[in-house]
Each structure stands twice: as C-alpha cells, then as structure tokens.
Protein chains: 2
Amino acid sequence: MSKLTIAIAGATGAVGQQMLQCLEERKIDCELRLFASYRSAGKAFSFQGKEIVVEELKEESFENIDIVLGATENDITKKWMPWAQKHHAVVIDNSSAYRLDPNVPLVIPEINPEDIQKHQGIIANPNCATIIALVALNQLHQEFHIHRMIVSTYQAVSGAGVKGVKDLENQVKDPSIPSTAFPYPIAFNLIPQIGDFDENGISKEEWKLQNESRKIWHDPNLLVNCTCVRVPILRSHSESITIECDQPVNIDKARELLESAEGVKLVDDPQNQQYPMPLDTSDQDLVFVGRLRKDPSDPTGHSMILFCCGDQIRKGAATNAVQILQALIQNQN
Amino acid sequence: MSKLTIAIAGATGAVGQQMLQCLEERKIDCELRLFASYRSAGKAFSFQGKEIVVEELKEESFENIDIVLGATENDITKKWMPWAQKHHAVVIDNSSAYRLDPNVPLVIPEINPEDIQKHQGIIANPNCATIIALVALNQLHQEFHIHRMIVSTYQAVSGAGVKGVKDLENQVKDPSIPSTAFPYPIAFNLIPQIGDFDENGISKEEWKLQNESRKIWHDPNLLVNCTCVRVPILRSHSESITIECDQPVNIDKARELLESAEGVKLVDDPQNQQYPMPLDTSDQDLVFVGRLRKDPSDPTGHSMILFCCGDQIRKGAATNAVQILQALIQNQN
C-alpha cells in the first residue's frame, strides 16, 4: 500500500496549525499537503523534517488526496466540500456545516469510535465545548445515565481565532483598543454571547452543545441547559456542569471511573487546592476534571456537580480530528 | 434631635472607601468618624467638604457613635464588636461573622427591609454574590416561587480586596509575578475556589450563597447548587442562574416584573447584543439582568435561565450597607 496523502484545508489558521503539530507529534506516516486561501499561499511550514509550501485551495487541489482535515469556517468548507467529494477524498471536518447531517458521523473517538465506519465521505469533528464536556462526562454517563445536564461555560478568546487572542493581548495593555473578534471589549470583561441568538434567546454555541451531545451519545431525549460565556482567558475552555442521572450517583465511584477514563485527568483534591484550571490544561490533550461533589440541591441523590477544563484548540478541535484520522487509518489497514 | 454620628470601621479598605463615597452621594446628614488600624491612622479623606482624619480603632472609639458601618474582616470585626456593643452603637456589618446568627437580621433592603427592625444591635450585610443573585431573582421568586437555584459565578478579583486587583494588574503585564491574594496566577486564568472547602468539597462562598439566601428569603428549604469561580475581571460579579419554580414560568411576565423591580435594570435584547456585562455594571448600584429564557431542559415549563451582573463593592457591599443605614434612620424618625 502506498503512503497516504493527507491534506489540511485551512492550514494557516489556529486549528490548522495545531493539526499540523498533532500530525507531527503522533508521527502520522503520510505525504502532507497544506491548503489555504491565495493570501497564505507560498508560506512554508516544517513537517517531519521537510518544508511544505502552502498551496492555494482550488477545485482540483484534492486530486490524489486520501484524507482531508478541514479547518476552515462553514462557508468556505461548504465551497470546497464538493471538490473533495469529486476526488473521493475522505474529509474530517472541524466546521459545524455538516455536524447534524444524518449521513455524517459526529465523533469523539473516546466515546463513539464505531460511528466512524458509517461515514459516506465526511466525518464531522464536534464543537469544542461539546467535546470537552462529553469527554469529562462520558464514563459517568455510562455508569449513572445522564438525562439532564446544566452547563455554564467559561470560554477562551482563542475560540474566536487568532483575532480573539490579539484583542485580549492588545486590550490588557490599552483597554481603549476596539475588539475585532467580539462585539465588546473582552479584557477585564466577559460576554455572555457566543454565536448568534435564535428567537428563543439561545445562542448558536448553546444549541451546538445540546444537539451535538444528543447525536454523539445517540440520545435524542438528552436534556441540555447551557449558557456560553466568553471570558478574558487566552486558551482552554472551562465548564461548570451539573448532571442529573437515572441512577443514584456515588462520588467515590465517579472518581474511580474518572481515574481510568480515556482522555481524562482527574484533578480533584480541593482541600489541597487541586482542581482544574485553564492555565494547566493549555497545550494539553487531556480534559481535566475536578470539584466533584453531590448536588446539595437534589435531595434524591441522583445529581452531581463537577468542573472541567480542556484545551479547545487541541482536544476541542485538532487533536480530536487527528484521533479520528488515526482510527480511520487503523480501520483501513 | 442632634445630628447622628456615624463611623466606618475599616475605612481605608475597598469596601470602607466605597461606603464613604456612598454616604457622600446619598447626602447622609451626619458627623462622620473613620477608623482603621494604627497603620492607616493619620490618613485623611474628604467628606461633605470637610477633611476627616482616620483614627486608630480602639476599645473606646465607639463612645458617642450612633451607627457603625463595619468593613473589616471577620477576625477584626469579632474583636471590635463588643466595644461597639458596650457603647450601644448599632452596627451594620459587612463581615460574615454574624450573618447566620439568629439574633442578627441579614438584610437586602429591596427584599426584607422589615427584618431591620428586629435588630438587637447588629444588622448583617449579606455576601456580595448572594446580594447580586437575590436582587436579580426576588421579583421572580415572589411571582413563581423559586424552590431550587443552580448558580455558576464569574467573580471579579476586587472581591479579594485591593491585593486581588494588584495581582491582576501586575500579571497581565508580567505573568511571572506571583499572586498575593490567590493560590495561583489569575491573569488569563480562572480559579474555581473562593474560600476554604468543607469536607464535602463545597467552598465557603458556595455555602454562603446557599445559607444566606435561605435566611434572607425566610425559606429554610430553598435548594441551592452553586459553583463559585474567580475570573480575571477587575470589578463586578456575574452569575449564570437557573431557577426551578413551584409555578410555571412565563418569560414575558418575568421581563415585565424585572422592568419595574427595585434595584434592577433589565438588559435583555440578545438579538441586538444587549445583555449584562461586568464592564457595564462597574461603579453602578443596579444589578443588570438579561439572557432570560425558558430552560429547554425542563419540559414541565417550571424553570428559567438568566444572567446577571452587579458591582460587588457597591450593591454587593457598600451600597447595600448604606441602604440599610438609610432605612434604619427612617425607622428612627
């Protein structure tokens, strides 16, 4: 079998760059092609000791490409997806354009790797806040069966791309510099809006967390209450989560499950000031989980509270996509 | 009747300074005395056109004082409280030392002003996050009767005093400068701990929100689930809150109630990007409330979600204390 040819579409953005790094770290044996807009064409990046020059993404770019890692925004992705399909390239797509399409598996490899095999050319990478929450919760869901989750997020500015990072870095020095990625200043502030609002006042990000969680867990009845908030943090999303379960919860059992849960690091010793924090999870592939406790507002004992943090550019995007890629390669062998 | 003599104990701290400003703004007709530790004695502050020199707080300081506004930490407050009582000075105390004492009314003037009259020399000012949440929720509680609240907070560094502010201001310039008010860096980070943890992993701040809410609303059965988080914001606490009610909730009715709720400003037009943000509430006495919506995770229609922000040094501390003072003066007249 000849070497796989892998492409990154949107190679120069924050997620595309992280995908490149993840492919390198995980020693993925492949020919790599990097695509971006004409503005970025000609830039070069090192990969496995070779220099790879970014090419402009065009209709014929995907000829002889086996797998595409998509790291472009929805509108751009929708434009090039037919080009990839024409050349039978399998796409692992980080945009939200195809996530809820019934023909597109939506995959977190720690949770539903079996869905990868049902793909018809596209596999979708979930929303970052959804990945972080579900990796934290999955073992608890298997044990106690979560039927309702109540989530408040604390989301880093890098979730809005390089512009968001620049805004925060500029504004902490000079708060009068206007935001380019946000509707308001973000330094020393927070913004309870991520994405547009629907007619019921629910933001896009909040809907993603509901609908993508239902799809990944194959539970259309999962109840999700979510408030998504942008905070002045550079990297790593945090989430305060209450889960209500069909089974009574047991905190010792929950800790035991999380100790050995794939993709999770249990950081839960509050007496010794050990709990998840975004500075600690930045540039890490693991989701940190802690502050585990029974929910004192549920006298039936079926609810618990936890706090989790994860790097939304790594596990929330690039790492998850490359894990899907690895599973895909393994399935093909 | 001769002019009232009012004292601020702890006059040089963040809350004491804000009390001074609130007394000035509200044109409280009084003789004012300022007390602090020996280190601050001799500093002078302007009040109603006069210069007032800070005196060292001593056992005989409260002679001829009618009302004391207490703005010192618990241990200091416990030390001087008997001195105030010896001289029959009425104390409005911002520390948490006496808040749950059954002989001490715990008062938010918009909610339970009638409790002021039951005082036996001490009236307690509630915890800042509790005041902000309950001012936001009180009219909804009266209408729909809240039996459970699920709260995640986003609390500003000034809640930890002047040191907390300095930490953030220093660390955004140089992240290697260690924190003095927090166990970890706070710039570009968050810390899911405010106060010590009990054996169930619940922090002091989280317990305050539960127990003080129960006392203020005179509802010992109120169910409270709370996660308190310190965020890199200078001023104003924010809270993401879900309430579950005995009555079915109606969002239009909720908006109508909040439009005319005392101490509240409704900022709730997400389509036009109008929602509460801490930069907007800083140095304001009103609690901003918005992002009102039905809780999609409660199919019974008894729950709703909202987001609120309030200046924790003003309404969360100094303003509330001075409002109690005003009610006390009015009752005496």
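What follows is a conversation about a predicted model with chains A and B.

Visitor: How do you know that chains A and B are related by a two-fold axis?

Guide: Look at the superposition. A rotation of 180° with 0.0 Å of shift along its axis places chain B on chain A, and the RMSD is 0.0 Å. That is the relation of a two-fold axis. The contact surface agrees: 100% of the contact residues of chain B recur in chain A, so the same surface serves both copies.

Visitor: Where does Ser152(A) sit?

Guide: Ser152(A) belongs to strand β9 of chain A, which covers residues 146-154.

Visitor: Why is Ser152(A) called buried?

Guide: Its relative accessibility is 6%. Buried means under 20%. The value falls under that cut-off, so Ser152(A) counts as buried.

Visitor: What makes the pair Ser152(A) and Ser240(B) a polar contact?

Guide: Their side chains come to 2.7 Å. The limit for such a pair of N or O atoms is within 3.5 Å, so the pair qualifies.

Visitor: Which residues does Ser152(A) touch, leaving out those up to four places away in sequence?

Guide: In chain A, they are Thr227(A), Ser238(A), Glu239(A) and Ser240(A). In chain B, they are Ser152(B), Tyr154(B) and Ser240(B).

Visitor: Which residues lie nearest the centre of the largest cavity?

Guide: Ser152(A) is one of them, along with Ile150(A), Ile150(B), Ser152(B) and Ser240(B). The lining has 18 residues. The volume of this cavity is about 90 Å³. The structure holds 5 cavities of 30 Å³ or more.

Visitor: Which strands supply at least two residues each to that lining?

Guide: β9, β10 (223-227) and β11 (237-245) of chain A do. So do β9 (146-154), β10 (223-227) and β11 (237-245) of chain B.

Visitor: How do the lining residues divide into nonpolar, polar and charged?

Guide: There are 8 nonpolar and 10 polar residues, and no charged ones.

Visitor: Why is Asn112(B) called buried?

Guide: Its relative accessible area is 1%. The cut-off is under 20%, so Asn112(B) is buried. Asn112(B) is found in the loop between β7 (90-93) and β8 (122-124) of chain B.

Visitor: What makes Asn112(B) and Asp115(B) a polar contact?

Guide: The two side chains are 2.8 Å apart at this contact. That lies within 3.5 Å, so the pair counts. Asn112(B) also touches Leu106(B), Val107(B), Ile216(B) and His218(B).

Visitor: How far apart are Phe45(B) and Gln17(B) in sequence and in space?

Guide: They are 28 residues apart in sequence. In space, the C-alpha to C-alpha distance is 9.2 Å. Phe45(B) lies in strand β3 of chain B, residues 44-47. Gln17(B) is among the residues Phe45(B) touches, and others include Leu20(B), Leu34(B) and Ile52(B).

Visitor: What is the phi of Arg291(A)?

Guide: It is near 55°, a positive value in a residue other than glycine. Most residues other than glycine have a negative phi. Arg291(A) lies in strand β13 of chain A, residues 287-294.

Visitor: Is Arg291(A) buried or exposed?

Guide: Arg291(A) is buried, because its relative accessible area is 1% and the cut-off is under 20%.

Visitor: Why is Asn64(B) called exposed?

Guide: Its relative accessibility is 63%. Exposed means over 50%, so Asn64(B) counts as exposed. Asn64(B) lies in the loop between β5 (55-56) and β6 (67-70) of chain B. Its phi is positive, about 65°, although Asn64(B) is not a glycine.

How values were computed:
Residues numbered from 1 in each chain as written. Chains lettered and ligands numbered in written order. Predicted model: local features only at pLDDT ≥ 70, side-chain atom pairs only at ≥ 80, totals over all residues. Heavy atoms only, no water. Helix = DSSP H or I, 4+ residues; strand = E, 2+ residues; numbered from the N terminus. Buried < 20%, exposed > 50% of the residue type's maximum accessible area, 1.4 Å probe, protein only. Polar contact = N/O pair within 3.5 Å; in protein donor to acceptor, adjacent residues only side chain to side chain. Contact = heavy atoms within 4.5 Å. Least-squares fit on C-alpha atoms with pLDDT ≥ 70 in both. 1 Å grid on protein atoms, 1.4 Å probe; cavity = no way out; pocket = protein on both sides within 12 Å on 5 of 7 lines; lining within 4 Å. Points joined across faces, edges and corners; volume = space filled by probe spheres on them. Nonpolar A, V, L, I, M, F, W, Y, C, P; charged D, E, K, R; others polar.
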